[in-house]
Amino acid sequence: MLFRSSNSILDEIPGIGPARKKAILEYFGSPERFLAASRDELEAVPGLPAKVAREAYAHVHRFG
């Protein structure tokens with residue numbers, strides 16, 4: 001059986017595929033910690049280009 005990561009808010013963010021999702025979760029430890037991260041923290045994730053980090057931050061914080 002093939003292991004698949006569980007669905008999370010990360011699956012809804014453009015530019016975040018399986019490899020980047022894994023990098024984010026390894027860096028922050030949970031989707032909740034990712035959601036609480038600053039833009040600078042997102043830009044520090046290894047394997048996550050700064051442009052994608054900024055877009056992910058904007059996507060998550062688009063409503064306020």
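## Exposure and overall make-up

A residue counts as buried under 20% relative accessible area, exposed over 50%, and partly exposed in between. With that cut-off in hand, R39 counts as partly exposed, because its relative accessibility is 40%. Please keep in mind that this is a predicted model.

The protein chain has four helices and zero strands, which gives the pattern α-α-α-α along the sequence. Of its 64 residues, 27% are buried. The accessible surface comes to about 4,500 Å², and carbon and sulfur atoms account for 55% of that. Among contacts between residues at least 6 apart in sequence, 32% join residues at least 24 apart.

## The nonpolar core

The largest nonpolar core has 14 residues, and the members that touch the most others are I16, I24, F28, F34 and L48. Helix 1 (18-28) and helix 4 (50-60) are the elements that each give two or more residues to this core.

Leaving aside neighbours within four places in sequence, I16 is in contact with L10, K21, I24, L48 and V52.

Just after the helix, G29 takes a positive phi of about 90°.

## Salt bridges

The whole structure holds six salt bridges. One of them pairs K21 with D11, with the closest N and O atoms 3.2 Å apart. K21 lies in helix 1 and D11 in the segment before helix 1, so the pair ties together parts that are 10 residues apart in sequence. K21 is buried at 6% relative accessible area, whereas D11 is partly exposed at 39%.

K22 and E26 form another salt bridge, their closest N and O atoms being 3.9 Å apart. These two residues are four apart in helix 1, which means that about one helical turn separates them. Both K22 and E26 are exposed.

In helix 3, about one helical turn separates R39 and E43, because they are four residues apart. Their side chains meet in a salt bridge at 3.6 Å, N to O. E43 is partly exposed, with 29% relative accessibility. Through salt bridges that share partners, R39, E43 and R54 are joined into one network.

Terms used
Residues numbered from 1 in each chain as written. Predicted model: local features only at pLDDT ≥ 70, side-chain atom pairs only at ≥ 80, totals over all residues. Heavy atoms only, no water. Core = buried A, V, L, I, M, F, W, Y, C linked by side-chain atoms within 4.5 Å. Buried < 20%, exposed > 50% of the residue type's maximum accessible area, 1.4 Å probe, protein only. Contact = heavy atoms within 4.5 Å. Areas by Shrake-Rupley, 256 points an atom, 1.4 Å probe, with all protein chains shown as cover. Salt bridge = Lys/Arg side-chain N within 4 Å of Asp/Glu carboxyl O.
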